[in-house]
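Subject: Structure handover

Hello,

Here is the structure I promised to pass on. Please open it beside this email and follow along.

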Amino acid sequence: MSKYQYVPEPALVKGDHDFASITHLVTDVNLRPTPKAWYLLMLPANALLGLLLVSIGYLIWEGTGIWGLTNPIGWGWAIINFVWWVGIGHAGTLISAILFLFRQDWRTAINRFAEAMTIFAVMCALIFPAIHVGRIWVIYWVFPIPNQMVMWPNFNSPLLWDVFAVSTYFTVSLLFWYVGLVPDLATLRDKASDKMRQIGYGLFSLGWNGSNRHWWNYEKAYMILAGLATPLVLSVHTIVSFDFAVSVIPGWHTTIFPPYFVAGAIFSGFAMVLTLMIITRKVYGMEDIMTNDHMEKMNIIIMVTGSMVGFAYMMEFFIAWYSGVEYEKAIFILRATGPYAWAYWIMMTCNVISPQFFWSKKLRTNVTFTFIISIVVNIGMWFERFVITVTSLANDYLPSSWDYYSPTMWDALTYIGTFGLFGTMFLLFLRFLPMIAIAEVKAVLPQADPHNYDDNGTYHAPVEEIPEHVTVAKSNNA
Amino acid sequence: MSEPSTQANTKTYWKSLNELAQNKEYKNFVEREFPENATELNDGVSRKGFLRIMGASIALAGFSACRRPVQKILPYAQQPEDIVPGIPLFYATAMPFHGNLVGLVVENHEGRPTKIEGNDLHPASHGNTNAYHQATMLEMYDPDRSRSPRRKGKKASGQDFISFAKTFFADTDKRIVVISEANSGITYNASKQTFLSNFPNSQWVSYESFSEEHVLEGNKLAFGQRLRSHYNFMNADIVLSLDDDILAATHPNNVEYAKQLTTRRRVTSRDDAMNRIYSVENGFSTTGSFADHRLRVKTSEVQAFADALASTLSIRMNGLSAYSKVNNQFTDTPFLVALANDLVKAAGRSAVSIGWDHSPEAHATVAAINVALNNVGQTVDYLEVPHLGDIDQHAAMAEALTNMKAGKIDAVIIIGGNPVFTAPSGWDLENALSSVEEVIHLSTYNDETSKKASWHLSRAHFLEAWGDGYSFGGARSVIQPQIQPLHDSMSDIELLNLITNQSYTTGYDLVRNTFRGIHRTNFDNKWTSLLHDGVDRASDAPSTKAVKQNGYPNSGQAAAAVMSGVVMDYRKANVQLSNSLRPSAPEVVDGIELVIKADASLYDGRYANNGWLQELPDPMTKITWDNVALMSPATATKLDLENEKEVTLTAQNGTTVTLAAWIQPGQADDSITLHAGYGRQGVGRVADYDTEQMAGGRNVFPMRPGTSAVAGTVQVSATGNQYPVSCVQDHHSLEGRDMYRQATLEKYKETPDYSSFAYVHKYEVPGIKEAAELGEDQPISLFNEQTYPDYEPQWGMAIDLNSCFGCGVCVIACQSENNIPVIGKKEVGRGREMHWIRNDRYYIGDKNDPQAVHQPVPCMHCELAPCEQVCPVAATTHSNDGMNQMTYNRCIGTRYCANNCPFKVRRFNFFNYPKEYLTTGEDPDIIQMAMNPEVTVRFRGVMEKCTYCAQRVNRAKIDAKINTGSVKPADGAVLTACQQACPADSIYFGDLTDEQATVTQMKRNERNFLMLEELNVRPRTSYIAKLTNPNPALVDNTMPEEAH
């Protein structure tokens, strides 16, 4: 056997697809009559959305006292949920922007979908900082709006940075997503047979006609937006982590937070993409586009980021010891052994141990197993935010102030309600927008490569030329 | 004033708001403004101003916005003399408690009293107060107070009763029993004598649930005369408290005693000496926590300890030979031997006291010890108190009860008190009352006793009725009303005079007549200065150390010269120890003893409807809203109990009570303590046991066989249920942290810097070395070090941990001053207590027998405040005079500041607490009157915290500017509410740019330290580390020396 092995690059789109079949596969979902199953899913999603609205309404009517917050623990589920949802959003931007800049063509299958998830997750996230304040009716004071009283926000406050970071992130993500949608909307406009759709899609496709000029502008815009979104992936969660890191509270005041939060965000975001992808591709029969190879690649990212998060957990302990700060030491020992040890060990199990299974190729290509782990990871990441937010506040400097935090029914209902919002938005997205970036997927088909055409313009499927002195490794998709 | 109210009363409008009923109520209230008996106070000041304001405000109330109702006010049509809107007036008065007066000064805003302060001319106050005094303000405005007399449960008027009394008491042969609360009133006791001679068939009984009778009877055993024990701890080097919580508000003279005990522990330099306090008790009391040595024994063994001590002392001192044969479990124990040596060494400069609820025999022993130690006349005086009489009131009560049950009594008049609730079940008082034709009860609330009475009379609060009386030591005072009675009520003296003479005379005339009898010459001058000073002094002219009309009265220690001018009416008896005094065998309680004590907050239940007191954490357990079964960790283990496990206790007399078990470190083993006063029914919204909130505790009075502390043995059985208890402090250990620092006096002399960061941690404060290189004296920082570096004054506070004994008066004083809401048990249980200053209590050492320390924590007003930095809307900022300010209007309620506060002093309005507090109930406008108009009432969703009493600071700055042109007030011109109330003078506040200011000097003390100094937040509030003064002979047996 030769010492060189040739690893064939697996095809990004499985099956015998050409441009037309891809278009059909994706647009049919939007153009055929709404299936009953969609309504069946929309019903519980709407019910949960209603629950969210009721919970928020009651919250605004009664005050934040309906939650389990106490004197030392001023932030509870609301902030946990906020960080969790924002974190989930990260995967979408990472996939669509960073992987785009790195020319990772496999991203095309999932980027639309992941970006939609980002936007909806950020919407869910944005609810919490808005509603968790005591006086929501004056929440606009966090914006630097010139006024006659010359009241200005405090630019020292990480919460203010948050306002800018998250709103910028949301805006750029939305724009990026929309720009990417334009060619596909035009496709839908062209395929649509009824007037309503033609007008609707037509309006949002901005007169796209596929001209060279349009494509040229589009590519540039997409590239610029990808460039803009890339630092945001890193900055948003960095700034979210500043909410904690800039404070003086032991367990919060930690310089490792920015990278650790970003890694955690990508970790949970990929898990969420997988959860959604596994269900969606099954339901809509998109296995040819969203292949097991995609799943495997994402599992590897989960494994890597999970290990980074695990490393950060260990490092926190080390630094707590190394710093010699007794409060810092105490809080980390208390996390692992104190009143919230149960939450800490859920976090450790879900986030550090569970992704390690993906070292095994067998497990990381197993759909069911991946699905389970993807959910476990998100449970773990929720608990990570719980551990950070609650335990530090519950056991800080003065032992006299220590208290135990217990959430109320309303904490839980509000959180569950956000799944209603997310679900509703996601179902609407699946129904009305192309869940796969048609134009981009087409671009990675072999048919899109001019080298695969002979002088007559006839397409020939590419044949891999393997030098004789190398052996062929087992293909990923053998 | 009533015209606009009718005009605004568009019925449909109010009905639609469901507020019609409330408005009618209010109209009635307004119409009562001039009751026929109203008397114009002749000091030229009308105090009815509030009615005009309130009447006007309600009259034009409209509802034009969704956010808050618009209320218009009207100016005075005719300006009353002396009243400047916005400028408070201060009047002296005195509060009766347990028959003893403590002099007070009351702040009045536009005619309504809003805040109580101590009277610095009064020997029982020294300018300070306890929690009961502070909270009485709320009691007066309590909407649940009785509003009118009731005839057999139905509402009646005061006139109805007057006509009834005129006919009923016309027959002076009627057989009448009067059951009176302890009352030192001069007018009252004179009336009592007239009554007893007018009604020859009548009997008078004085009843208090926690009475002084055993002291008097014990002193009678020792000296042959019923005498009051009155201590002067100023002269005592060694103090032994035998289960006597002299520092707690439950002791009627606690303010004076606290002042004396803490003054003797004030150490400002290494040359100062301290007294040494020994405490022998079963439960952990504030006095026990303040002691240098504490021995935990069962309450039933305290007498044995006293006997053993007398026996040990008998060898070396004269007069105790009768005790020489005593030999019991305490004889020759190291604690007792060391104590005895100390007492002998300090003979004449020591004091031994014993709890009021111990047996007369034990009191006699203690009296004998004090005589033997030559303490009489030095540290303890035995006072002849005429109104306490010569008769054992317990025996008198027994006789009265027998007569009542036998149907030999025509009428029972109960003046104050609530005997149906507090009487031991063995008395069968309810049954006795039912055999009497007319039972007349004068009471603040329509309470348990009132409901058994044929006449309930609404008792005027002392802030709204004239009266007089004596302090514990015998200083005369007049109780000067601050406001017209809010309800159709009557005072003690008016009632007694009405019954005696069958004609109504106003309290004002009664009191004035009494003092005309005392001061036969120059009466007008005397009367004026008496009212002005709040205490009768030898001189005719008002004290020049005048209570200021504007600004705040001076606090702190009044000069001895000022006090010496006070007339003391009680004569010091020339005591001679009885020859026949013999030790008696103490009652032994087998197994677990049950001890019933007065509650630190509710006393015997009389303050049960006071939300401030219900929510005041117990000084030791930190529990609010409930009483619990306190037991030692070992007893809990033995009984297999934990905190909050519900238990049923069965007393020796067969009565049972079910409440939560609670582990009290330091409690004596096999001894369960219950606090009385809880578990009331049908009294008010605050007091009643609330089934929904599970608050209000259980009534334990029926378990008492008599009025002694020990209620025999008790059977304990767990019910298997959990009873949630709202305790404001969940964690009781310091975890080896350094926020509390202490050392022994000896160690302090060796290492004066024992409380410094460098000494405690063995390294310097982080960043200080780097700063030194830059030539700075504070650790380096990222932020603007001080926004206004040159502005003067700069405010700061120092808290002396050496004198704080954790009573909690600062909490209530702050609550009263700053309009802090009461939030109820459930919310407290959630950890949402609103107190701006809290009192942390830590246990140090062995959990079975720990030391307990107290640490008041207000806002630290950090110079580099972490809260200010994180607020997104800059709602919390720094003032130019160095205070960390909260702008409520700007706050959006992110709670980030509270999270980032290392001291956790910020409080959040999770709900609209003030709305609950100020606008519910049948007559919310009354409770609104208790609010301080100078402090904003906070809305839902905003953060709040200690402001260093910014309103007082600003008033002083304005005054200073008017008077001197500079905004720098003189030292002592600003007293924060907590500081002013504190009888231990633990809190110092002032201008740090004033080199001579007391606070500056305190901060210069070597023992001064900053909490969490290493964070470099630079608190303006600092602590003076604690010192203990243990007996070197007991050093192994003593408390842990250091707490870090």
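Start with the open sheet in chain B. Seven strands build this sheet, in the order β5-β4-β16-β15-β14-β6-β7, and their pairing is mixed. Which strands sit at the edges? They are β5 (154–155) and β7 (203–206) of chain B, and each of them pairs on one side only. Please keep in mind that this is a predicted model.

Strand β14 (residues 411–415) of chain B runs parallel to strand β15 (residues 438–443) of chain B, and five bridges join them. To find one bridge, pick A411(B): its partner in β15(B) is E438(B). Helix α18 (residues 492–501) of chain B covers β14, β15 and β16 (455–458) of chain B. The angle between α18(B) and β14(B) is about 160°.

A word on pairing in general. Strands of a sheet pair through backbone hydrogen bonds, either parallel or antiparallel.

For antiparallel pairs, go to strand β26 (residues 710–722) of chain B. Strand β20 (residues 593–597) of chain B pairs with β26(B) in the antiparallel sense, over two bridges. Here E593(B) has T713(B) as its bridge partner. Strand β23 (residues 645–651) of chain B also pairs with β26(B) in the antiparallel sense, over six bridges. In that pair, T650(B) is bridged to Q715(B).

Next, a pair of helices. The axes of α11 (residues 302–314) and α12 (residues 334–345), both of chain B, come within 10 Å and cross at roughly 55°. Are the two parallel or oblique? An angle of roughly 55° falls between the 35 and 65 degree limits, so α11(B) and α12(B) are oblique to each other. The crossing is right-handed. On the α11(B) side, the contact is made by A308(B), L309(B), T312(B) and L313(B). On the α12(B) side, the residues are L336(B), V337(B), L339(B), A340(B), L343(B) and V344(B). By class, nine residues of this contact are nonpolar, one is polar and none is charged.

Last, the two chains together. How many residues of chain A are in contact with chain B? There are 40, and they meet 44 residues of chain B. On the chain A side, the elements that give two or more residues are α5 (158–191) and α10 (326–337). Helix α5(A) gives the most, with three residues. This side of chain A divides into 22 nonpolar, 13 polar and five charged residues.

Best wishes

Technical notes
Residues are numbered from 1 along each chain as its sequence is written. Chains are lettered from A and ligands numbered from 1 in the order in which they are written. This is a predicted model: local features need pLDDT of at least 70, side-chain atom pairs count only at pLDDT 80 or more; totals for chains, interfaces and linings use all residues. Two residues are in contact if their C-beta atoms, placed from the backbone, lie within 7 Å. Helices (H or I, at least four residues) and strands (E, at least two) are DSSP runs, numbered from the N terminus. Ala, Val, Leu, Ile, Met, Phe, Trp, Tyr, Cys and Pro count as nonpolar, Asp, Glu, Lys and Arg as charged, and the others, Gly among them, as polar. Axes are lines fitted to C-alpha atoms, for helices over the stretch in contact, and angles run from 0 to 180 degrees between N-to-C directions. Angles under 35 degrees count as roughly parallel, over 145 as roughly antiparallel, 65 to 115 as roughly perpendicular and the rest as oblique. A crossing is left-handed if the near helix is turned anticlockwise from the far one by less than a right angle, and right-handed if clockwise. Two strands pair if DSSP finds at least two bridges between them.
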